[in-house]
Amino acid sequence: MLFGRNKKNPIKIADKGVVEWKYTTCGYCSTGCSIEVGLDKAGEAVASRGVGGADVNRGKLCLKGIFEHELFRSAGRGKTPLMRDRYFDDFKEASWDTALDKVAAEISSIQQQHGPDAFAIVSTGQIMTEEFYTLGKLARGVIGTNNYDGNTTLCMASAVSGYKRSFGSDGPPGCYDDFEHTECLLAIGSNLPEQHPVIYWRLKQALEKRRFPVIVIDPRVTMFAQMADMHLPITPGTDVVLLNALAHVILDEGLEDRAYIEAHTDGAQEFAALVAEYDPLTASRICGIDEDTIRNVARIYAKSGSAMTIWTMGINQSTHGSDGVVGINNLNLITGNIGKPGGTSLSITGQCNAMGTREWSSCSGLPGYRLLEKQQDRKDIADFWGIDEEFFPKKRGLFQTDIFPAIETGQIKGLWLIATNPMTSMPNTARIRKTLEKLDFLVVQDAYADVETNEYSHVYLPAAIWAEKEGCFTNTERRVNLISNVVKPYENSKADLWIFNQLAKRFEQGRKIRFPESASAVFDELRHLSKGRMLDYSGMSHQKIKAQRGIQWPCSEADETGTARLYTDGKFQHENAKARLIALPFVDNNERPDEDYPFWLNTGRVVEHFHTRTRTGKLGNLNKFSPTPYMEMNPDAARELGIHHGGYARLTSRRGDAVVMVQLTHRVAPNSVFIPFHFHECVNRISLGLLDPHSRQPAFKQAAVKIEAAASQAVAAKNNATSRTY
Ligand SMILES: Nc1nc2c(c(=O)[nH]1)N[C@H]1C(S)=C(S)[C@@H](COP(=O)(O)OP(=O)(O)OC[C@H]3O[C@@H](n4cnc5c(=O)[nH]c(N)nc54)[C@H](O)[C@@H]3O)O[C@H]1N2
Ligand SMILES: Nc1nc2c(c(=O)[nH]1)N[C@H]1C(S)=C(S)[C@@H](COP(=O)(O)OP(=O)(O)OC[C@H]3O[C@@H](n4cnc5c(=O)[nH]c(N)nc54)[C@H](O)[C@@H]3O)O[C@H]1N2
Ligand code: SF4
Ligand SMILES: [Mo]
């Protein structure tokens, strides 16, 4: 016997028979880990491993990355184009030519009958930068609709808007290396250990070398809150009040960096006058954090040699999302914490390439952070593409969250969805269903044919996924990294870049503009268009990016490596090069719990799943750890309602209802519940999603619900019915 009674069973790592490792970058979250995918003798992807020499992850991966190679052959992938006349008919298989001819013909016919903006395009944060740029060229330069946006409106729009208001441009100024230098970390509405596990690991590594205070602001006791030195369980949706109060204490006690404020900011007086109204006592009654804690946090932050703030959806997905971001920037400007090691406002991005779409897709403007509103920017791009400048609109069109209501009212007749699944990810599922049913024409371009939104399409275009293609992603810290091609596209699916190029050929203007076929040729256009600009790519190439395992922009032709931080010279992107301190009066406009709907509904994510589970729902090693729609509920609240751990509960809001399994936990307060949004026909049936006035981002984190015990699992199964089987 190999294993005698006294011998331990040794851990053996299965030999997967890898004969070659290929370099790529993770396609889930925006951490941007470098991955190598192992191929066996037959060329099948059989393993994934972290890349040791990559600065981002230093050999580590989280559990999603470890199983990423299983994606390529996972259930539900689209094999071939599909078509039907009405969305409730059966699909018929079609050739690529037939399907693309149909899409082009429908776009032209809708635009001729109802005007160019009656056809809308909604894309994603999950395709390559070269694909984004090409889609932008097609949408803005060829098709010419102004109703073109991305799912980043559900995700990063508030960060973008806040950066623009404060600094004059989008672009996160900091980087992960700031953890190595900071003397105080404030984390607001971010569950880093679950949603960006490898950034969290970088933080833990910094803390092992040198202690500094970690302060977490989140209504829930997340894993991050548990490890923090201080946890501030804020009243939902009131972060702006707390941020104003922190500034109040700093100015009141003379702890600000006066020299920095005078040299580099505008608006200090109006700002000081507004925050004077937010004394800690007044603020505590709104945001639920006691006045001594407010004073204490303000002093720790302002007295640190350098201090930084990170945030994610707890800030962005709010009716005060953009203001929350500006509030964070205000705090860092008055304490002189922008552009220095360990001093920064670092928005933790969501999707793998949410940054790439912000930089290059033309969704909100034109490539390279150019604006439709600026004549010179329109001219630059029109000249480079070889078209008439007048073809561009002079201001941006509708955001994603305004495109859907415009379909509802009949202003928009046709829609093209690329790598996004609004049937599960948008608030108020019943309303979205009705909206999609109204469309004269819907084309869904997705790697998975079983994505819920496809139930309403007329044409389905099967896309290749992740490392079946090649190109770049930009991560949270502005690092451009390379996805090299690892395996061939699944069955008859095609790279998004190929699909965009083929479609361009079907329009007259598309034959006038040049559409390079390879990702590296597209990349050359990005280098050219970014030369000398804030997001300079001109010193990068696919080879150089791979050799350095990612390069942070700006990287000019003269640069060997990229740049870790922005605004190190205190010069900002507003015309007078100053940053703005902006007064933020708080308006209490959320749906709040009341007698009829007594609980706060909070929504978010779990570590095992990515978004609407098109991918992670199919991978055994991920789905088996989190297979069921569930709700975190406080045991005291549950007892009063006769609800049990492991039982089922029905939640009702003013929009609809949902049934979930109950997990009793003190992570949530007695008047709050938390539900992950990954499951179809679940929490977005009841969410509200009021919009932020600046960013148009939905407040997914605040709504009011009532809760009752549900009779049995059968009810749950009926209510959560999905068209998928696993
Ligand atoms: N495993 C996994 N990782 C992911 C993703 C995924 O789906 N799965 N998605 C990626 C994407 S696209 C994104 S955008 C990020 C999101 O990453 P995170 O924003 O970190 O994740 P969420 O769970 O959406 O929300 C974060 C926290 O906000 C808190 N919150 C709710 N309301 C408030 C409030 O009013 N104030 C404050 N201060 N906090 C509040 C919630 O309690 C929650 O703990 O994750 C990325 N990483
Ligand atoms: N209640 C609630 N709702 C939320 C949130 C929340 O916190 N709470 N968070 C919001 C946020 S931050 C986000 S980012 C959104 C995400 O919402 P969605 O973007 O709708 O969700 P995903 O499941 O990521 O959809 C991406 C789709 O792209 C497909 N795909 C992947 N790679 C490729 C590719 O290379 N090409 C093509 N063509 N398709 C591909 C996938 O199969 C998948 O169907 O959800 C939002 N909704
Ligand atoms: S932390 Fe994000 S980028 Fe890194 S392996 Fe996990 S999902 Fe991928
Ligand atoms: Mo996101």
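**Entry 1: the open sheet**

I looked up how strand β2 (residues 34–39) meets β3, and found antiparallel pairing over 5 bridges. This is a predicted model, and I read the pairing as such. One of the contacts I traced is leucine 39, whose bridge partner in β3 is alanine 45.

I then followed the rest of the sheet. It is an open sheet of 3 strands in the order β1-β2-β3, and the pairing is antiparallel. β1 (20–25) and β3 (45–50) are the edge strands; each has a single partner strand, so one side of each has no neighbour in the sheet. I noted an average twist of 30° from one strand to the next.

**Entry 2: the barrel**

Next I went to the strands β21 to β26. Here 6 strands close into a barrel, in the order β21-β25-β22-β24-β23-β26, with mixed pairing. Ignoring direction, neighbouring strands of this sheet are turned by 45° against each other on average.

Strand β21 (residues 599–604) runs antiparallel to strand β26 (residues 703–710), and 3 bridges join the two. For phenylalanine 599, the bridge partner in β26 is valine 705.

**Entry 3: ligand 2**

Serine 425 has a side-chain N or O atom 2.7 Å from an oxygen atom of ligand 2. Glutamine 126 places a polar side-chain atom 2.8 Å from an oxygen atom of the ligand. Glutamine 317 has a polar side-chain atom 3.0 Å from a nitrogen atom of ligand 2. I also looked up the cover: ligand 2 taken alone exposes 930 Å², and the protein buries 99% of that.

**Entry 4: ligand 3**

Last I turned to ligand 3. Cys26, Cys29, Cys33 and Cys62 are among the residues that surround ligand 3, and the list also includes Tyr28, Thr31, Lys64 and Pro197. I sorted the shell by class and noted 8 nonpolar residues, 3 polar and 1 charged.

Notes:
Residues numbered from 1 in each chain as written. Chains lettered and ligands numbered in written order. Predicted model: local features only at pLDDT ≥ 70, side-chain atom pairs only at ≥ 80, totals over all residues. Heavy atoms only, no water. Polar contact = N/O pair within 3.5 Å; in protein donor to acceptor, adjacent residues only side chain to side chain. Areas by Shrake-Rupley, 256 points an atom, 1.4 Å probe, with all protein chains shown as cover. Pairing = 2+ DSSP bridges. Helix = DSSP H or I, 4+ residues; strand = E, 2+ residues; numbered from the N terminus. Axes fitted to C-alpha atoms, helices over the stretch in contact; angles between N-to-C directions. Near = heavy atom within 4 Å. Nonpolar A, V, L, I, M, F, W, Y, C, P; charged D, E, K, R; others polar.
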